[in-house]
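User: I'm new to this one. Can you walk me through a few details?

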Amino acid sequence: MNFAPCAVVPCYNHGAAVGGVVARLRALGLPVVIVDDGSDDETARTLDALSGVHLFRLPVNSGKGAAVVRGLHEARRLGFSHALQVDADGQHDLDDAPQFLARGRAAPGAVICGEPVYDESAPKARLYGRLITRFWVWIETRGRVRGDAMCGFRLYPLAPTAALLERVGLASGMSFDIEILVRLAWEGLPVESVATRVVYPDGGVSHFRMLRDNVRISATHTRLFFGSFFSQRKTHWSRIAERGSMWGLRLVAATARLLGRQAALVALLPAVAWFFLTGREARRASRTYLSRLGAQSAPPTTWNVWRHMVTIADASLDKFEAWRGEVTAAVEFKGIEEFYRLTREKRGALFIGSHLGNLEMIRALATTKHLAKVTAVVYTDHARRFAATLAGANTRFADNLFEVRDFGPQTAILLKERVERGEILVIVGDRTPAADNGRRAHAPFLGHDAPFPQGPVVLGYLLACPVYLFFCLKGEKQDGSRYRIHLEPFAEKILLPHRDRKAAIDAYVAQYARRLEWYCREAPLQWFNFFDFWHEPVGRS
């Protein structure tokens, strides 16, 4: 994604302060979009005198929310990818703006919110009101938003935000900041926070009316609370916010190091229970998957849905152990001769895996035991905290980790260079692209058509190297908790004739889907796609 941010400044009678705000934003190199929300003549003249800004006007005062909505739409129309919302009254410390932009560049699909740090100038009544709003937003988003939802200093990704604004009418007044954040979280956008100083300057103009606006905010929370129980739009997997806190993951990792695996699994169970109770879409997705597997594999009971979620927690500990080099269980590698042949001949290859079992095992074993150079081609925006935890287990975790958001010519060239150096690339084939222009193919999977990415097949064709399927499954306790790695040839060279390219891609995707289905039946509770796999919406632009 091309990162092209601007600032959006809603202004209503802030003539004395808006000039300084604009000057500071322009000094940071940000284009500025100002929306005059029906200001008085003095402020209107001040805004007209500002140079180098995009100025738009509402004919009458319509409320902060209406002004921000107009500004976001205009920013999108002007071609910007992100909008930094800033109040015009000078409350926000714009020295922190580079932090917002840096976080937005690193996670372009996330909403970056200000986490206010107040001084003694902050009115106590306003602080108490914000604490109440924090609680209700936490409830309305099932814990996905924990920060300050009322802070007007935030960075929006414009494509999903504009799409939401075109589909849903939001509050036009002071409760706008709350409602749009909750609804974007419902859409699956991650929400991150940046600590920032907020001051209430002497003589500053505030348009917050204690009784009127608190009543409206209460009405908004009531609507959002009941709305959270009903229809929420299906979200693409890449836009499902990561759940769980960094400190919680670190606590589990420390427990595993100090007290062992079983103690760490016990420490994880309360978190699994929370996700089970609050993750309605995840429960539904698990039940759908299990029902399509058939009763002979794992009946779609509530107990098996719970077991399914516990299994992913267990697999997380497996990944942690693998990167610490502490795999004590036996590893059975079917296809190890082929793996050794590739490494011996220094021949590059593409391994197509899935979210079935433990895909990290091959990279962890290859890295910790110095067997080969294995590079994972991954999308990590939706799971950065878990990736950081694995990096804490082994400083070499980030080595040979190739992060992508979409495949373009430059990406293909870089990956081909790696293959020509003899590296093994690992990519998953069971999640559609994060970009909404990413190509898909449909294939029968567990008795129903499902979308799969074309990317792994096209990448194999561009790399012109051998392609293999790779799965790492964990045996049951009676099997000694043995890991079973399966490496099987997929194509010595993928061929995509120009005339019948789509049919050829569809055939390769169907071949992959058949093998994935076979292995899912071998380990039914180890497929970790907790979203509506068969009816998934497109990704984000």
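User: What should I know before we start?

Analyst: This is a predicted model, where local features need pLDDT of at least 70, side-chain atom pairs count only at pLDDT 80 or more, and totals for chains, interfaces and linings use all residues. Residues are numbered from 1 along each chain as its sequence is written, and side-chain values use heavy atoms, with hydrogens and water left out.

User: OK, helices. At what angle do H3 and H6 cross?

Analyst: Roughly 125 degrees, for H3 (residues 64–77) and H6 (residues 158–167). Their axes come within 10 Å. Axes here are lines fitted to C-alpha atoms over the stretch in contact, and angles run from 0 to 180 degrees between N-to-C directions. Helices are DSSP runs of H or I with at least four residues, strands are E runs of at least two, and both are numbered from the N terminus.

User: What do you call that arrangement of H3 and H6?

Analyst: H3 and H6 are oblique to each other. Under 35 degrees counts as roughly parallel, over 145 as roughly antiparallel, 65 to 115 as roughly perpendicular, and the rest as oblique. The crossing of H3 and H6 is left-handed, meaning the near helix is turned anticlockwise from the far one by less than a right angle; clockwise would be right-handed.

User: Which residues of H3 and H6 make the contact?

Analyst: H3 brings Val69, Leu72, His73, Ala75 and Arg76. H6 brings Leu158, Ala159, Thr161, Ala162, Leu165 and Glu166. Contact means heavy atoms within 4.5 Å.

User: Next pair. How do H17 and H18 pack?

Analyst: At an angle of about 110 degrees, with the axes of H17 and H18 (residues 501–522) 9 Å apart. That makes H17 and H18 roughly perpendicular. H17 passes H18 in a right-handed crossing. Val457, Val458 and Tyr461 in H17 meet Arg501, Ile505, Tyr508 and Val509 in H18.

User: Is leucine 446 buried or exposed?

Analyst: Buried, with a relative accessible area of 4%. Buried means under 20%, exposed over 50%, and partly exposed in between, using a 1.4 Å probe and protein chains only.

User: And where does alanine 464 lie?

Analyst: In the loop between helix H17 (455–463) and strand S15 (467–474). Phi of alanine 464 is positive too, near 55 degrees. Alanine 464 is partly exposed, at 41% relative accessible area.
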